[in-house]
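This report goes through one structure, topic by topic. Keep the sequence and the 3D view at hand while reading.

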Amino acid sequence: MKKLSADASRCTGCGTCEKVCSKAWHKAEDGEKSAIRVSADGQGGYAIAACDQCGACMNMCSRMALNRATNGIVRLDRKNCVGCLVCVGECERGFMRYHDDLPVPFKCVACGLCAKACPAGALNIVEG
């Protein structure tokens, strides 16, 4: 299964990953529209949060709009999603995201764009 791996010790908090993600998927450089989030950890470093493809959200969706692709990535079927946001509210790790400008929730799909753009090498796509 493909997933995003983060080494927070290498993160500089530059926000490049958030900008690349939001621009690629939502055509706007807006950290709130990014599936990856970087925040100060309160100890002088940074925390990096992105979906780890656990799949718990798939069981929460009454419309069965969340499914695991053959490569292991949990994907949202926009045609089946009604925007009820149950998956957002129930994701214990806060990886399902929503923005008022968007009709349906979103999450990291391990596309790797953020990893390619990270100047510090804090992000990688791994099998696991």
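## The largest pocket

The largest pocket of this predicted model has a volume of about 370 Å³. Its lining is made of 19 residues. Nearest the centre of the largest pocket lie Trp25, His26, Phe106, Lys107 and Val109.

Which elements supply at least two residues each to the lining of the largest pocket? They are α1, β5 (74-76) and α3. The largest share comes from α1, with three residues. By class, the lining of the largest pocket holds 14 nonpolar residues, two polar ones and three charged ones.

## The second largest pocket

Sorted by class, the lining of the second largest pocket has eight nonpolar residues, one polar residue and five charged residues.

## Salt bridges

Side chains of opposite charge can pair when their charged atoms come close. How many salt bridges does a search of the whole structure find? The search finds three.

One of them joins Arg93 and Asp52, with the closest N and O atoms 2.4 Å apart. Arg93 lies in the loop between α2 and α3, while Asp52 lies in the loop between β3 (46-49) and β4 (66-68), so the pair ties together parts that are 41 residues apart in sequence. Arg93 is partly exposed, at 48% relative accessibility. Asp52 is partly exposed as well, with a relative accessible area of 25%.

A salt bridge also forms between Asp101 and Lys33, where the closest N and O atoms are 3.2 Å apart. This pair links distant parts of the chain, 68 residues apart. Asp101 is in the loop between α2 (86-90) and α3 (113-117), and Lys33 is in the loop between α1 (16-26) and β2 (37-40). Are the two partners buried or exposed? Asp101 is exposed because its relative accessible area is 54%, and the cut-off for exposed is over 50%. Lys33 counts as buried because its relative accessibility is 9%, and buried means under 20%.

Glu32 and Arg37 form a salt bridge too, and here the closest N and O atoms are 4.0 Å apart. Glu32 has a relative accessibility of 48% and so counts as partly exposed.

The strands β2 and β3 run antiparallel and are joined by four bridges. Within this pairing, Ser39 stands opposite Ala47 in β3. In a regular strand the side chains alternate between the two faces of the sheet.

Five residues lie between the strands of the hairpin. In this hairpin, Gly42 takes a positive phi near 85°.

Lys27 sits in the loop between α1 and β2. With a relative accessible area of 67%, Lys27 is exposed.

Met64 is not a glycine either, yet its phi is positive, at about 55°. Met64 is found in the loop between β3 and β4. The relative accessible area of Met64 is 60%, so Met64 is exposed.

## Cysteines without disulfides

A disulfide is a covalent bond between the sulfur atoms of two cysteines. How many disulfides does a search of the whole structure find? The search finds zero.

Cys14 is in no disulfide, and its nearest cysteine sulfur, that of Cys118, is 6.1 Å away. The cut-off for a disulfide is a pair of cysteine sulfur atoms within 2.5 Å. Cys14 is partly exposed, with a relative accessible area of 40%. Cys84 is in no disulfide either, and the nearest cysteine sulfur is that of Cys61, 6.1 Å away. At a relative accessible area of 49%, Cys84 is partly exposed.

Methods. Residues numbered from 1 in each chain as written. Predicted model: local features only at pLDDT ≥ 70, side-chain atom pairs only at ≥ 80, totals over all residues. Heavy atoms only, no water. Salt bridge = Lys/Arg side-chain N within 4 Å of Asp/Glu carboxyl O. Buried < 20%, exposed > 50% of the residue type's maximum accessible area, 1.4 Å probe, protein only. 1 Å grid on protein atoms, 1.4 Å probe; cavity = no way out; pocket = protein on both sides within 12 Å on 5 of 7 lines; lining within 4 Å. Points joined across faces, edges and corners; volume = space filled by probe spheres on them. Nonpolar A, V, L, I, M, F, W, Y, C, P; charged D, E, K, R; others polar. Pairing = 2+ DSSP bridges.
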